[in-house]
Amino acid sequence: MEFDVAYIEGQWPALMRGLWMTVQVSALSIVLSIVLGLLGAAARVLQIPVLGKLVAGYVEFIRNTPLLAQLFFIFYGLPGLGLRLSLFWSGVLCLTIWAGAYQIENIRGGLETVGKGLREAAFSLGLSPWRFFRLVAAPMAIRVGLPSMLNTSISLLKNSSYLQAIGLAELTYVAIDRISMDFRTIEMFAAICVIYLALVLVLSFLASRLEYRLNAPFRH
Amino acid sequence: MELLVRNLPFIMQGLAMTLGLALATLFFATIISFVLGTLATLRFDWLRVAVKVYVELFRDIPLVVNIFFVFFVAPLFGLELSPFAAVTVGLSLWGSANGVEIVRGGFNAVPRHQWQSAAALGLKTWEVYVFITGPQALRAILPPFVGLLTLLVQATSLGALVGVNEFFKVGQIIVERTTMMEGWNPAFIVYAAVLLTYFVICSALTWFGRWLEKRLKRDHRQPAPGAAPAPEPAPQLP
């Protein structure tokens with residue numbers, strides 16, 4: 001049993017197809033989950049009567065149930081209600097619902113740091129609510145909430161590997177599939193571990209650069 | 001409903017297996033976390049870097065890949081792990097990578113002068129850890145550790161991927177069996193029930209973590225106005 005680099009090179013196209021699927025699913029879900037997070041956080045912060053409570057319940061439910069069970073409920077359970085989605089869209093829906101719960105909390109945390117006094121000060125200076133939101137609240141909320149939002153996004157990327165359980169041909173699925181055919185276990189795991197590590201490290205690096213840029217006004 | 005009642009013993013077995021997995025994992029993760037987390041607070045740079053690499057490695061690789069890795073790679077080195085053992089190892093590595101950071105953070109939350117005054121009194125390093133900083137760090141460590149336990153309970157569902165008959169897998173088997181033998185698909189109701197059960201268990205744990213956090217904070221609180229005066233502090237050296 002020796003490490004066969006040529007084998008990995010031979011499988012590279014298949015791995016890249018898996019990677020492309022992983023990236024597609026993750027990118028789409030990250031964007032959608034942030035949209036969901038913004039809407040949910042707005043419902044919570046504005047304390048909309050019924051909706052606010054519903055959103056709070058949704059967040060608790062998602063955070064206290066396993067992602068794998070959520071995935072199976074969506075992919076195998078929902079057709080029982082007549083809602084049949086493709087593999088890809090089941091995956092996107094599941095990851096969006098999962099990450100959305102975390103993004104709501106991240107964004108809410110950011111928005112709540114903007115104090116009442118600040119709002120009153122802005123209004124007494126004659127800022128319109130929209131300008132207050134755009135010039136004061138949003139920049140502060142983003143600066144506070146962004147690190148955890150990026151963390152959740154990175155977790156989502158890693159958790160896209162759960163989708164191999166329903167058979168979506170993303171990176172992990174490709175690797176396990178190859179292993180069951182060629183038994184090149186070490187090579188395949190080394191390859192996907194390096195790819196995942198590279199993805200996560202690059203994203204973390206970009207995230208820390210972004211945080212650094214956004215904190216510029218506060219540095220001495 | 002009748003379906004759940006009929007399968008009750010099977011479901012209970014699954015729950016027991018989930019509980020066993022969670023406890024076994026918690027046991028190993030706690031030991032590794034405390035050993036590595038404490039080592040990382042010592043003043044050896046290379047040790048800190050080594051722990052950091054361990055933490056980053058197991059946190060950055062997806063948990064699914066991690067479990068498959070242990071399951072598929074261990075046999076190549078002559079280690080015939082049962083699925084249960086493989087999942088326990090995989091989850092322990094992941095859980096401890098998260099636990100190390102909690103422990104390290106807990107020790108960092110203890111004010112430095114506690115360390116310095118203990119050392120100035122002539123306590124040995126291990127004595128400082130066991131009697132001075134350890135108990136104080138524990139206050140910061142316990143609540144997030146309960147949170148970690150919640151995550152571990154959820155993560156045991158990944159055992160289903162390598163064939164451990166834990167709670168989630170039992171649900172899967174019931175769905176398949178009923179579909180094949182009785183010709184109707186109970187996926188919706190079964191997976192809804194599975195989700196609800198996890199929700200009840202994990203919410204209880206989350207709630208306990210929050211309660212613990214409040215409780216531990218309360219002991220540290222200033223006395224309320226009107227309460228009995230705090231005992232006179234012991235005389236201090238200038």
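Analyst: In this predicted model, the contact draws on 32 residues of chain A and 34 residues of chain B. About 3100 Å² is buried between the two chains, and carbon and sulfur atoms give 79% of that area. On the side of chain A, the residues that lose the most area to chain B are Asn64(A), Phe73(A) and Phe189(A); together they make up 19% of what that side buries.

Polar and charged links across the contact are as follows. The count of residue pairs in polar contact between chain A and chain B is 4, with both residues at pLDDT 80 or more. The rule finds 1 salt bridge across the interface. Its partners are Glu60(A) and Arg210(B), whose closest N and O atoms are 3.2 Å apart. In chain A, the helices α2 (49-63), α3 (67-77), α7 (171-182) and α8 (185-214) each supply at least two residues of the side that touches chain B. The largest share comes from α8(A), with 9 residues. By residue class, this side of chain A divides into 21 nonpolar, 8 polar and 3 charged.

Over all chains, the structure holds 8 salt bridges. One of them joins Arg44(A) to Glu105(A), with the closest N and O atoms 3.8 Å apart. Arg44(A) lies in helix α1 (residues 5-45) and Glu105(A) in helix α4 (residues 87-112) of chain A, so this pair ties together parts that are 61 residues apart in sequence. Arg44(A) counts as partly exposed at 22% relative accessibility, while Glu105(A) counts as buried at 19%. Another salt bridge pairs Arg108(A) with Glu112(A) at 3.5 Å, N to O. These two residues are 4 apart in helix α4 of chain A, which separates them by about one helical turn. Arg108(A) is buried, with a relative accessible area of 18%.

In chain B, Asp45(B) forms a salt bridge with Arg48(B), and their closest N and O atoms are 2.6 Å apart. Both belong to helix α3 (residues 45-60) of chain B, where 3 residues, about one helical turn, separate them. Asp45(B) is exposed, with a relative accessible area of 53%, and Arg48(B) is partly exposed at 36%. Back in chain A, salt bridges that share partners join Arg44(A), Glu105(A), Arg108(A) and Glu112(A) into one network.

Of the residues of chain B, 42% count as buried.

Notes. Residues numbered from 1 in each chain as written. Chains lettered and ligands numbered in written order. Predicted model: local features only at pLDDT ≥ 70, side-chain atom pairs only at ≥ 80, totals over all residues. Heavy atoms only, no water. Contact = heavy atoms within 4.5 Å. Buried area = accessible area lost by both parts, 1.4 Å probe. Salt bridge = Lys/Arg side-chain N within 4 Å of Asp/Glu carboxyl O. Polar contact = N/O pair within 3.5 Å; in protein donor to acceptor, adjacent residues only side chain to side chain. Nonpolar A, V, L, I, M, F, W, Y, C, P; charged D, E, K, R; others polar. Buried < 20%, exposed > 50% of the residue type's maximum accessible area, 1.4 Å probe, protein only.
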